[in-house]
Amino acid sequence: MKRLLILLMVLVGAVMATAVQPTAVAVQPTVVALTQEILMHKYQMVECKANALIDMANKLNGYNVSVENQSDSIAALNQNLARLRTQAEQGNVSGFNIANREVYQNMRQLAPGLRNGKMQMQKGKGAGKASEFNRMYTDIRQQEAQCLADAAKSLAKKELQEWKEWQQQKRDRLRILQQRNITGISKEAIKKLEEILSKHENISARYGALLDNSTIEQLRAMRIQMIQEKNLVRARYEIEYMKTLLNAINKTASEKGYENSVQNISNLLESANQKISGGYDEENFKNAWEELKQASEQMRELVRQMRTA
Amino acid sequence: MKKLFAFLVLLGFLVFAFGCIGQDTQQGSGAAANGEISKQNNEVANNQPVNQPSAGEKTEKTAPVVSEDDIPQIDDIPSDIDENFNGTDEI
């Protein structure tokens with residue numbers, strides 16, 4: 001009886017140990033899934049444009065109008081579209097950004113040949129087929145517009161969801177930081193961070209209103225501008241957050257002889273701040289974001305070293 | 001009968017041991033991959049930071065109060081740099 005009881009306990013233990021596992025990794029897949037969904041909607045928008053261009057090239061060929069660089073450009077375009085889709089499916093943002101750039105380059109390469117082909121058709125090279133071509137061209141453009149409208153709406157909804165999750169996550173984290181009463185983190189610093197978060201929340205609210213009340217054309221026209229505003233606010237928040245933490249570890253770091261590390265991190269944050277202070281510029285922002293990444297990594301390394309020193 | 005019983009005990013033990021190892025591995029890798037996010041959620045759920053220094057660390061004068069997990073992860077942002085090409089609008 002005693003042995004049977006031991007056996008039963010071992011088995012119950014085994015079942016419990018197995019049953020607990022899924023909860024341990026339940027959070028991250030949601031975040032990854034959201035990134036994947038956003039990238040997939042972005043991919044769909046690119047695909048709408050690419051399909052329209054490829055369709056147009058094929059239609060022009062049907063009228064015996066050749067399109068310069070057609071086969072090379074379309075082959076490269078299809079190849080990079082497949083690459084882009086793979087990156088989106090994997091939720092790989094940096095890989096997606098690289099492939100995205102290539103796809104747009106391929107589309108731009110194809111554009112002059114198509115423009116030329118369209119002009120030839122409209123000048124009558126298509127043996128009186130100009131009006132037929134124009135109807136066909138209008139159809140392609142309408143299909144493309146519908147495709148873009150659907151994708152843009154879905155993308156904007158997902159983006160808004162990500163913005164709200166981001167700000168909630170930061171609010172929670174900030175509240176916890178405040179509760180810990182860490183020496184060197186002042187109430188003013190927390191207040192400043194809260195103000196930046198409020199700006200992010202304000203942008204989200206405006207994006208939500210745009211999504212609810214505007215036409216798809218208005219949404220598409222405003223989307224990029226709002227994304228840029230959001231990116232700037234996020235960069236400002238991360239800079240300010242890291243400055244706050246750096247301030248908190250500054251004294252101990254100096255005592256332990258890590259003044260140079262602190263100075264390097266401080267310089268990176270200041271440089272990033274300079275790059276975004278004049279408003280949004282894609283290249284400046286990209287460089288500032290890279291500096292933020294470096295600052296974050298260096299600060300993590302510094303704290304690790306200080307802990308083990 | 002005794003052999004069968006011994007076999008069952010061994011089987012039970014093995015399932016238990018592998019179950020525990022699997023759980024540890026997943027939690028370990030999950031925590032590393034989840035980084036900031038899982039920590040935050042744990043912290044929010046418990047209403048306290050997960051990475052508070054332990055009692056031993058607290059008494060150590062030189063330990064930093066800010067931990068590695070306090071430092072934000074800076075993730076890549078999807079680029080919109082090329083979206084000013086408007087498909088057939090450009091033709």
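## Basis

Local features in this predicted model need pLDDT of at least 70 and side-chain atom pairs count only at pLDDT 80 or more, whereas totals for chains, interfaces and linings use all residues. Residues are numbered from 1 along each chain as its sequence is written, while chains are lettered from A and ligands numbered from 1 in the order in which they are written.

## Domains

The assignment, which is automatic or from a database, divides chain A into domain 1 (32–149) and domain 2 (181–308), and the C-alpha centres of these two domains of chain A are 37 Å apart.

## Helices α6 and α7

In chain A, helix α6 (residues 187–213) and helix α7 (residues 216–255), both DSSP runs of H or I with at least four residues, have axes that come within 10 Å and cross at roughly 165°; the axes are lines fitted to C-alpha atoms over the stretch in contact, with angles from 0 to 180 degrees between N-to-C directions. α6(A) and α7(A) are therefore roughly antiparallel, a term for angles over 145 degrees.

Residues in contact (C-beta atoms, placed from the backbone, within 7 Å) include Leu193(A) and Ile203(A) of α6(A) and Met226(A) and Val233(A) of α7(A).

## Helices α8 and α9

Helix α8 (residues 259–277) of chain A packs against helix α9 (residues 282–308) of chain A at an angle of about 160°, the axes being 8 Å apart, and α8(A) and α9(A) are therefore roughly antiparallel to each other. Among the residues that meet are Ile265(A) and Leu268(A) in α8(A) and Leu292(A) and Met299(A) in α9(A).

Definitions and conventions:
Helix = DSSP H or I, 4+ residues; strand = E, 2+ residues; numbered from the N terminus. Parallel < 35°, antiparallel > 145°, perpendicular 65-115°, else oblique. Contact = placed C-beta atoms within 7 Å.
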